[in-house]
Each structure stands twice: as structure tokens, then as C-alpha cells.
Amino acid sequence: MGNKKFLEDKIINYAKELGFDLVKILPAQSLDENLQKSFYDWIYFEYAGDMEYMKKEPEKRADLLKKFPDAKSIIVLGMNYFMEEKASPTCPNDLFGRKDSFWRGKRESSFAKATADKKEKEKAEGKVARYAWGRDYHKVIELKLKKLKEFILRNVDSGETQNDIFKMYVDYGPILERAYAVKAGFGFIGRNTCLITKEFGSWVFLAELITNLEIQEKGERKEDEKDHFGCGNCVQCLQVCPTGALETPYKLNAKKCISYLTIENKGSIPEKSRPLIGDWLYGCDLCQEVCPYNARAKATKEPDFKKQILGDTQILKDVLSIRTDQEFRQKFAGSPVIRIKRKGLLRNACVVAGNLKDRSLLPVLEECLKKDPEPLIREHAKWGIRKINNEK
Ligand code: B12
Ligand code: SF4
Ligand code: SF4
């Protein structure tokens, strides 16, 4: 008994040394049926769009013990990735109960101002979601998970590890990460569907290490998840979302979300959605920027997240001038943007250019239209040119 508690504490301390801000070891368990059902509904209503991996074996994604019947423990981990910025507004933290859409007005006027400013500066920029400013979190966290696994192996009795299973996930695993983070007591699910923590707001990445080792002591445990703080009367995220992707509180239709349209979507962006993307070049943070729980976020300690590879904005002219995949890979090595390839990023840049109506970008868009070998880029460049020239 005592040994297990000792091991549990050792693992938690080591995970914190590795840079995880939130750590909890839970007995491996299924989620409540209502949460499993809400995932099935999400799939049924086709909110997943073309994310085929989300639809694969849904019963295993909804129930950890169906996927890993031998699992005994799940180590749930979270990492703060907040950084100071220049592009996004800072939120006041007194918004609970306000009925007026303070943030919608603020966002629209800041977009209009950005449009005007960028015309003047001739350096139109596209915005990048905060999670992608620095080094790819998948890579950063995977390395830490491997170290954590090695540490556990060094610290358990050899007999117990003979048939060891270790599954390590960050984002891509067949597991409902936010739901386990709630179980772990990290925070609550907001109306924007994000996991919101008291200490870091929603600017946290999640990861898990699943194992067949019994790490904790058996017996009564404190029910951490019953720490009731929540959204109160606030609806700022629902009001600010420019695409209406948050169709109802706590339900996000990914097909409408800018994050999906600019990252997960591999093909053409539907024409009706393009104007709604505004100046978001990669991902979107609006429903988090307005959240009062994010008003007092603390800066991350992780040096890899502080490295500005993509940064908070990119100059559109520079992006639209990248003509080869090699140049793209060199410029953005280590960034998560590599996943959407040159054609994805230039596609998005054409849409933002059109939305900003910046005439100084016409030559580079014409160049894309005439010379780019990629039909996806040519099609979006044509749209951007039409928008700037106010043509139908
Ligand atoms: C698919 C996906 C997306 C899709 C769909 C997002 C969505 N809301 O479903 C798209 C591409 C749109 C997306 C966008 C983003 N994503 Co994403 N995404 C995922 C992924 C791979 C699966 C999410 C999923 O299963 N969706 C299906 C729905 C039904 O599940 P869910 O939202 O997780 O909801 C469950 C819990 O909320 C649970 N629940 C538990 N307790 C409670 C209590 C109550 C009261 C309620 C109502 C629900 C509830 O119920 C649901 C299960 O049925 C996860 C990684 C993972 N494997 O989990 C990352 C993940 C959710 N994404 C992440 C991030 C960072 C983002 C973005 C911020 C990136 C960006 N800036 O562009 C945005 C945020 C947009 C938003 N408002 O959600 C983080 C979120 C961290 C956090 N603090 O919440 C995750 C966990 C990745 C990671 N490892 O860190 N993402
Ligand atoms: S990330 Fe942007 S588009 Fe997606 S739900 Fe939030 S505000 Fe809406
Ligand atoms: S902005 Fe934050 S606190 Fe307000 S409803 Fe949305 S998630 Fe909840």
C-alpha cells in the first residue's frame, strides 16, 4: 500500500519536473454513459466533417476499457501554453452576466481597424492561433511522455513490467481527452467546449499515459471532478464566434469552425465560409480570447513553446511568395503548420488576402494564379483577386 502511494507521488513529482503543469493518476475507467452518448451524437450529426479518424471505431474512442481492456491506470497530464501577445485583445474578467455583446463589437471594430492599418502599412498579416506560435506541441510533449514512461519502468518492481503496456497520447489518440481531464479534476467544460482550468484558463494542452500497471492505492479517493466552478450566465464565446460553429452551448459543429476549415480541411474552403474566416491564417482563438477565465492567464514555462517559429502573425505577401515545398519546410521546420503543407497555408493566405481587401497583394495573388503548380492555390488566389476587386 505505502509503496504505491510512494510511487504515485514520485511519478507526479517527476512529471512536474518534466514541465507538466497538471498531473493526476486515475484508475483506468469508462466515462459516464451520458458523455459517451454525447460523443455518439456528435458523430451522428456529422459534426466531425471529414475527420475520418474521429469516426473510426467510435465505441472504442468513447470507452477506454473497450480499446484497452487490460489498462489499470491512466496518467492525465496538462501543459500551459499561454504566451504574451501583441495581436489579440486582453479580456476583462468582469463579464459574467453581461447580455450585450461587448466582445463581438470589439472584435468587429478591431478587424476593421486591422484592415485599414494593413492597407496603410502595406504589410497585411494573417493571424495564427496561439497553440501554433512555437514548436509543435505534439513533438514537445511526446518527448516528455517517453521520459515519463522510462522513469516509471525504472521505478516499478521488475516482475510487474514483464507484460507492460504503455500507450502515450497527445491529441491524436483514440480517447476523449477533455472528458478525462474533467475526471482528473483539472477543470470544467465551458460553453465553447474547451477544458477550462482555474490556474491557466483554457490555454492548456492535454496528454495521457495509459498503462496496465496499478499505480495508486486502492480505496476511497477524493472526488476531484466535483469542483464546481463554471460558466455562470456568461455567453461571450457563443456571441463572438463568427461562423456560428457553437450551434448550441457545449456543442461544436467542426465543419463550421475556422480551426477545422483552415487546418483539418484538406481541400477547398467552401465559398460561403471564406468571408467568415476574417484574418485567421491558421486556426482560431476567438472563443477562448473572450473567456473571462483566460483574463489572468500566466505565461508558459516551456522554452519550446516560446520559440516563435510561426509566431502570432505572418506577413501574407511573404507566405504567398513561397513557391516550393522545400522552401516551405525550411521556413517552418518544427511548427505544426507543416501538417497542412504549403498548399494548405497558401490556400488560407489567399482567403485572408481577399477578406482584407488589400490591393498591394494583387501582384502576388496574380503570380499565384498564373504560376503556382497547385490547383487548390490557383482556385483560392482567383477568389482573393475577385474579392479585392469587388467582383462577384
Ligand atoms: C477533433 C478535435 C478538434 C475539432 C473539433 C473540436 C471539438 N470541440 O469537438 C476542431 C478541429 C474544430 C478542433 C479545434 C480546436 N482544438 Co481540438 N481537438 C480535437 C480532438 C482530436 C478530438 C475532440 C473530440 O473528441 N471532439 C468530439 C466532442 C464530442 O468531444 P469533446 O469536445 O472533447 O467533448 C467531450 C467532453 O467535453 C465531455 N465532457 C466532459 N465533461 C463534461 C461536462 C459537461 C457539462 C459537458 C457539456 C461535456 C462534458 O463531453 C464530450 C464527450 O462526449 C482533441 C484531442 C482528443 N483526442 O480529445 C483536440 C483538442 C480538443 N483540441 C485542442 C485545441 C487546443 C484546439 C483549438 C484551441 C485549436 C485552435 N486554436 O485552433 C481549437 C478549439 C476549438 C473549440 N472551441 O473546441 C485541445 C483542447 C485543450 C483544451 N483546453 O480544451 C485538445 C484536447 C488537443 C490536446 N491534446 O490538447 N479540435
Ligand atoms: S475556434 Fe473560432 S470558429 Fe471555432 S468555435 Fe471558436 S470562435 Fe468559433
Ligand atoms: S466565454 Fe468562457 S466562461 Fe463564458 S460561456 Fe464561454 S466558456 Fe463559459
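This is a predicted model: local features need pLDDT of at least 70, side-chain atom pairs count only at pLDDT 80 or more; totals for chains, interfaces and linings use all residues.

Residues are numbered from 1 along each chain as its sequence is written, while chains are lettered from A and ligands numbered from 1 in the order in which they are written.

Helix α7 covers residues 137–155; helices here are DSSP runs of H or I, at least four residues, and strands are runs of E, at least two, numbered from the N terminus. Its 19 residues should span 27 Å at 1.5 Å a residue, and the end C-alpha atoms are 27 Å apart, which agrees. The expected span is 1.5 Å times one less than the number of residues.

Ligand 1 is surrounded by 37 residues, the closest being Phe 39, Ala 129, Glu 177, Ser 259 and Gly 283. A residue counts if its C-beta atom, placed from the backbone, lies within 6 Å of the molecule. Two or more residues each come from α2 (33–44), α8 (177–183), β7 (204–211) and α10. Domain 1 (2–82 + 136–211) and domain 2 (102–134 + 234–388) both contribute to this shell, so ligand 1 lies between them; the bounds come from an automatic or database domain assignment.

Ligand 2 has Asn 192, Cys 241 and Thr 243 among its surrounding residues. At least two shell residues each come from α10 (258–264) and α11 (286–289).
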